Every structure is written in structure tokens, then in C-alpha cells.
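Student: Please take a close look at a single residue in this structure and describe its surroundings.

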Amino acid sequence: MDKASAGQPLILRIQAEIASVPQGQTCSYGAIATRAGAPGRARLVGKVLREAPAELGLPWHRIIRADGRPAFPPESEAWREQYRRLLNEGVELRQGKVPEHQRARTEDIDALLWRPSY
DNA sequence: GACATGACCGATG
DNA sequence: CCATCGGCCATGT
């Protein structure tokens, strides 16, 4: 978490982290929570996403579970929409899972990446 | 206050 | 691979 966001309310920091995931990449709920300064609070990320107003235009589809799968029930409407959006921006899905190379890990973050993969 | 329910997660068997 | 459990904790009944 950087200094600029350190004082912000947790919810806002989480929204900011979600917004910072570049297209073509995905990130887990847990990693977003950790990056926002709330390790172990993945469920809160889900809540924030669920309640975030659409006007914010958050890239909700880039947030997936730690096992690489979308969090919605398979074959549900939301699941399909997420799947569609991901494919649409170049994220692969093999057996319903996003491959490792398109998942941003918490470790990577502060140091290197946070730019579209290669 | 108890109890259940989440867009979750990691460890363990 | 699957199931269970303990962590996490806001919300609703």
C-alpha cells in the first residue's frame, strides 16, 4: 500500500486497488485485500464489489478467486458476463481457470509489475 | 447477544 | 479431486 492511500478509509483503498488492476491481468480477492492494507479480509473485497455503484466503472471482472476461477456460480448470468469480458480483453480461461501468468500475485506488486503482462 | 450467510482463503486429511 | 475447518468480519434475523 502506498503513502497516498494510507490514510483513506479501507473501502476506498480497496476500490482504488481494484481500479488499478490493468486490463489483460486479474487479481484475487485476497491479494486486493492485502494490497489495500487489510490482509485476511478477502470477504470484504467481495462486499465492496457487490455494493460498488456501477458509475465507478470498476473492473470487477478482473477480480477472481485464489484458485483462478470466477467467484460466481458456474453458468450463472454473472459468471458468463465475467467470462465474456475477460476473454474480450485477452485473458485466457483454461478449464474455467485463468492461467498463472495472468494472475497478479501480492508479492509482485510493490516491486515490479502493475503493468499489463509483458 | 446468538446464529447464519456471504463475489474468500489456506491448511489439512 | 473433494470435504471440512478455522480465520476473517459486515449484515441481517
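Tutor: Leaving aside neighbours within four places in sequence, Thr 26 is in contact (heavy atoms within 4.5 Å) with Val 21, Arg 62, Ile 64, Leu 86, Val 91, Val 98, Gln 102, Arg 103 and Ala 104. This is a predicted model, in which local features need pLDDT of at least 70 and side-chain atom pairs count only at pLDDT 80 or more, while totals for chains, interfaces and linings use all residues; side-chain values use heavy atoms, with hydrogens and water left out. Residues are numbered from 1 along each chain as its sequence is written, and chains are lettered from A and ligands numbered from 1 in the order in which they are written.

Thr 26 belongs to strand 1, residues 26–28; strands are DSSP runs of E with at least two residues, and helices are runs of H or I with at least four, numbered from the N terminus. Thr 26 counts as buried because its relative accessibility is 0%, where buried means under 20% relative accessible area, with a 1.4 Å probe and protein chains only. A polar atom of the Thr 26 side chain lies 2.7 Å from the backbone oxygen of Gln 102.

Now the wider setting. Chain A has six helices and three strands, in the order α-α-β-α-α-β-α-β-α along the sequence. Of its 118 residues, 41% count as buried. Among contacts in chain A with a separation of 6 or more, 63% join residues 24 or more positions apart.

Notes:
Buried < 20%, exposed > 50% of the residue type's maximum accessible area, 1.4 Å probe, protein only. Polar contact = N/O pair within 3.5 Å; in protein donor to acceptor, adjacent residues only side chain to side chain.
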